[in-house]
Every structure is written in C-alpha cells, then in structure tokens.
Amino acid sequence: MKKFAVAAGLLASLTPIAASAETVVVTADKMVDVLTGREVDSPAVFIEDGRITSIADARTVRWADTVRHINLSGKTILPGLIDMHVHLTSLAEVGGYQGLRYTDSFWTAVGVANAKKTLKAGFTTVRNVGASDFGDVGLKQAIEGGYVEGPRIVPAGYAIGATGGHCDEGGLPPSMDVKQPSVVNGPEEARAKVRWLHKYGARAIKICATGGVFSLGDGVGTQQLTLEEMKAIADEAHMLGLKVAAHAHGDEGIRTAILAGIDTIEHCSLAGDETIKLAAQKKTWFDMDIYNDDYILATGTANGTEQESLDKEKMIGRLQRETFRKAVKAGVPMLFGTDAGVYPHGDNGKQFAKMVEWGMTPLQAIQAATVSSAKALGQEGDVGAIAVGRYGDIIAVAGDPLKDVTVLEHVTDVVKGGKLVD
C-alpha cells in the first residue's frame, strides 16, 4: 500500500493548476461552416473554458475589454482539422532496418516533435493507429497535462495482428524471435488483447486484417485475421465503447472487416466493386491515404525502405487512387487519413489536393477532415465544426479553401481550445 500512496502523491504534485476562466473571441473575414457547406462573412466566435459559447457577426457584436481578442483579419477560418490515421512515434526519414539503430525510448521522444509539427499544420485532433510501448498514450497524457504541445490524440496503442502478419515485426531470424505484444491467435486471444489495450489507455483499436507495404515477407493484399477473430475484436471493443480501425489492402480482407462490424477501413487499396457497394450499404467508413504514394516513390530506398516494400507500393499506389474515385462516386462515407509517419509529419495537408484530384469537391475533402471524422470518432459534440458546445479549435488560411484547397497546406494560425498556438 505504501508504494501506491507514494505514486498518488507524485501524481498529485504533477497535476497542473487550473487557470481561471477566460473569454476569448476569434474574428476573421470569413468562416467555412462545414455543417452547412456555406461561407459566413465576418464571424466572431466566442470561447470560454476552451469551448465555443456563441457565434456572432463581428460587424455588429460588441464585447467587454476583458475579452481576449484573436484578430485573424484578412483570413478564412475553419474548424481544426482531424487526421484519422497517423503514427506520431514514427519517422518517414528512418525506415526499414535503420530503425534498429535507435533505442526504444527514442521513438517517444521524436513523437513530441512530431506532435507539435502536426498541430502547427492545423490538425488539432488525430487518431494514432499504432505505437509501441503505448507511446501515443504517453503523448496524450503529456499534451493534456500541458507539458508539451500537440493535438488531441485518440490513441490505439499497439495494433493487433496475427503471427507473421503486418503487425508482427518481421525480418529477423528465429533466434531473435520475440512474440510481439500485438500478436493474437484465435478469437479468445483477440478479445483479451482488446481488454488489455483498453486497460492501459487505448481509446481506439487498430487491427491488421491484411498484409502491408512495409511488412516483409507477406502479400500486401492477403487476409491475415479470420472473420471470427475480427468479429471478436469488434464486439469486445464496442462493448467497451471503442471504435475499431482495420488496416486492409486486399479485397477479401476489406470485405471480411466490413462484415465483422469494423468501424473504419484503412487504405482500402484493392477493394472491388462489390465490396465498395457493400461499404456504401453498411455505411462503413473508408479512410484512404492517397497522398503518401508520391513521397514513397520519390524517395525510393534512400530512407532505408526495402526494395520489397517499394515494389509493393508501385503495385498498389495507382490502384488505390482509382479505388478512391470509385468509392466517392458510389457514396461510401469517406474520412481523411494520411498515414503520417510513412511521409514527414506536418505535411498532412498535402492530401487535400489529391482527394480533389481523384473525385472530391474541395468541400467534400474538408468535410472528410472535419465533421465526418468527428462523427467516425464518436466525438461530434466536441470537435469537427465551429459550433456552440464544441472545443474552440480553429485554424486560419489566407485564401478561399472552397476554391483552392491547396491553401490548407499553408495554415497561418492555429487556435486550440481558445488558445493561439505559437
């Protein structure tokens, strides 16, 4: 009992002292209302205790001298952006076997820098779908405590996969084999793994339903978890109030994940027409990282990427973008997820232009990264729109993103919870 008392005392000493309530007003030339798809002239957004309390017309409303004014004159404001697929504790610049040169804690340390880059790029909320040693949980706690800067994080901890699958670290000889914490074999192990992840801070669950580009020795589209395993994970997670994301490139794995009740399908590269139709019918979210192919192919093996992985990317990159176009046209609900960590953090906004190039309107792409992603997270009351009751998470750009979505690659100002990010 003594050690628990000491731990409790230590935690108490680390708890930040709550600041007094402050009212903030953010004004700008225009605001994109993602709920209606309209632009609003001269918005004045009032924020108290981190949440939006009212939205008025800056040309007519008046406020007390005690209200802190964030003046974004000449700019357009939008809700803070959401990236549904990031790996904050990964680096695109260190790939393949090069990662073995670094000690385990290195990855959490670089996660601090990546979190700040992500926030400054305008992404005030992210879902981190895979991190060793619960590094994403630690980042979340440090950000919420005010010790480091970064976005709101929905952490998944370890990603669940099968022995020898995409989420089982491969490429080493049997003499160095260690069962990864993420590995399961059978529905009961899968169910228990969800409980374990939830116990230690996971607030979303990630599974590897098929092979992948950066896992060695497997087929990128081959299914690796059974329907029974996926269903056990989905059922257990939903009972605990968690959403489930499935890494899935191959058609059969995508279809099985949809039938198992998985909430969001990641990548979706090789989804066939019938599977796309099923996703539209079931209203299963597709979360497709269609920008990073440019970076992977441009850098080749320079960052340590194995030729095997590069060959896989060459095989699926174009096909994934064609699948994206088909899914948008078929009415599949779409999200914004970039797989940041496979390409440099902070460049998340470059995906908007690709989404428009491959079938979306600028508004649809923006809604994918705001209101839709908030809904998929089950956080539509907190994030994803500039609306009363939600967090005061606001970004500003110089230009009209509904006409030129590339302005979202150059966010000029970020407000998180009513506080201007330096």
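The model is predicted: local features need pLDDT of at least 70, side-chain atom pairs count only at pLDDT 80 or more, and totals for chains, interfaces and linings use all residues. Residues are numbered from 1 along each chain as its sequence is written, and side-chain values use heavy atoms, with hydrogens and water left out.

**The sheet**

- Three strands form an open sheet in the order β6-β7-β8, with parallel pairing; strands (E, at least two residues) and helices (H or I, at least four) are DSSP runs, numbered from the N terminus.
- Two strands pair if DSSP finds at least two bridges between them.
- At the edges are β6 (81–86) and β8 (152–155), each of which pairs on one side only.
- On average, neighbouring strands of this sheet are turned by 15° against each other, direction ignored; axes are lines fitted to C-alpha atoms, for helices over the stretch in contact, and angles run from 0 to 180 degrees between N-to-C directions.
- Strand β7 (residues 123–128) pairs with β8 in the parallel sense over 4 bridges.
- V126 has I153 in β8 as its bridge partner.
- Helix α3 (residues 135–144) packs on the sheet and touches β7 and β8, where contact means heavy atoms within 4.5 Å.
- The direction of α3 makes about 150° with that of β8.

- R152 and D393 form a salt bridge, 2.8 Å from N to O.
- R152 lies in strand β8 and D393 in the loop between α12 (371–377) and β16 (394–397), so this pair ties together parts that are 241 residues apart in sequence.
- R152 is partly exposed, because its relative accessibility is 22%, and D393 is buried at 5%; buried means under 20% relative accessible area, exposed over 50%, and partly exposed in between (1.4 Å probe, protein chains only).
- In another salt bridge, the closest N and O atoms of R195 and E236 are 2.6 Å apart.
- R195 in helix α4 (residues 187–199) and E236 in helix α5 (residues 227–239) are 41 residues apart.
- R195 has 47% relative accessibility and so counts as partly exposed, while E236 has 2% and counts as buried.

- E322 and R318 meet in a salt bridge of 3.0 Å, N to O.
- Both residues lie in helix α9 (residues 307–330), 4 residues apart, about one turn of the helix.
- E322 is partly exposed at 30% relative accessibility, and R318 is exposed at 52%.
- A network of salt bridges links D294, R321, K354 and E357.

Notes: A salt bridge is a side-chain nitrogen of Lys or Arg within 4 Å of a carboxyl oxygen of Asp or Glu.
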